[in-house]
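Hi there,

Here is the structure I promised to pass on to you. Have a look at it first, and then read my notes below.

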Amino acid sequence: PIAMGAGGIKLLARLPGVASMLGSRKIVQDHVRRLIVQEHEAERSLYKAMVTDTTLPLDMRLQVQRLFETDLPRDAAANRVKNRCVLTGRARSVHRFSRLSRMMVRQLAHYGLLPGVAKASW
């Protein structure tokens with residue numbers, strides 16, 4: 001999302017709370033969940049369509065639902081994916097357009113690393 005030269009990386013290392021969090025476990029875990037969701041998307045939609053199809057007999061739908069619950073991993077559900085800040089791994093208050101938390105947007109804008117973003121004054 002943000003292309004920086006060597007000076008930008010040095011600057012990020014000086015930002016409070018970023019140096020120790022780069023590559024945190026939660027970011028990796030979220031990335032793995034996104035891959036699992038992508039991998040099982042077609043299979044999951046097929047199971048969902050069969051379970052909600054009222055033209056099928058009830059016992060068949062219940063059998064498919066049991067398969068749906070046991071065959072697919074729990075992380076295959078899209079609602080288990082959490083938007084996280086790509087720099088800090090923070091899960092709350094993450095801007096969708098940049099995938100940065102509000103604090104990182106503020107700090108990067110303060111250092112002039114976000115083009116077109118200026119401090120408001122009126």
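Let's begin close to the end of the chain: Gly112 comes after helix H5 and has a positive phi, near 80 degrees. Helix H5 itself covers residues 102–110, and its buried residues are Met104, Val105, Gln107 and Leu108. Please keep in mind that this is a predicted model.

Now for the whole protein. There are five helices and two strands, and from the N terminus on they follow the order α-α-α-α-β-β-α. The protein has 122 residues, of which 25% are buried. It exposes about 9,000 Å², with carbon and sulfur atoms supplying 56% of that area. If you take the contacts with a separation of 6 or more, 51% of them link residues 24 or more positions apart.

Which residues of H4 are buried? They are Arg61, Val64 and Phe68. Looking down the axis of H4, you will find these buried residues within an arc of 60 degrees, which means they line one face of the helix. Helix H3 (41–52) is part of what covers them.

Enjoy exploring, and write back with any questions!

Best wishes

Definitions and conventions:
Residues are numbered from 1 along each chain as its sequence is written. This is a predicted model: local features need pLDDT of at least 70, side-chain atom pairs count only at pLDDT 80 or more; totals for chains, interfaces and linings use all residues. Side-chain values use heavy atoms; hydrogens and water are left out. Helices (H or I, at least four residues) and strands (E, at least two) are DSSP runs, numbered from the N terminus. Buried means under 20% relative accessible area, exposed over 50%, partly exposed in between (1.4 Å probe, protein chains only). Contact means heavy atoms within 4.5 Å. Accessible areas come from the Shrake-Rupley method with a 1.4 Å probe; for residues, only the protein chains shown count as cover. The arc is that of the directions from the helix axis to the C-beta atoms.
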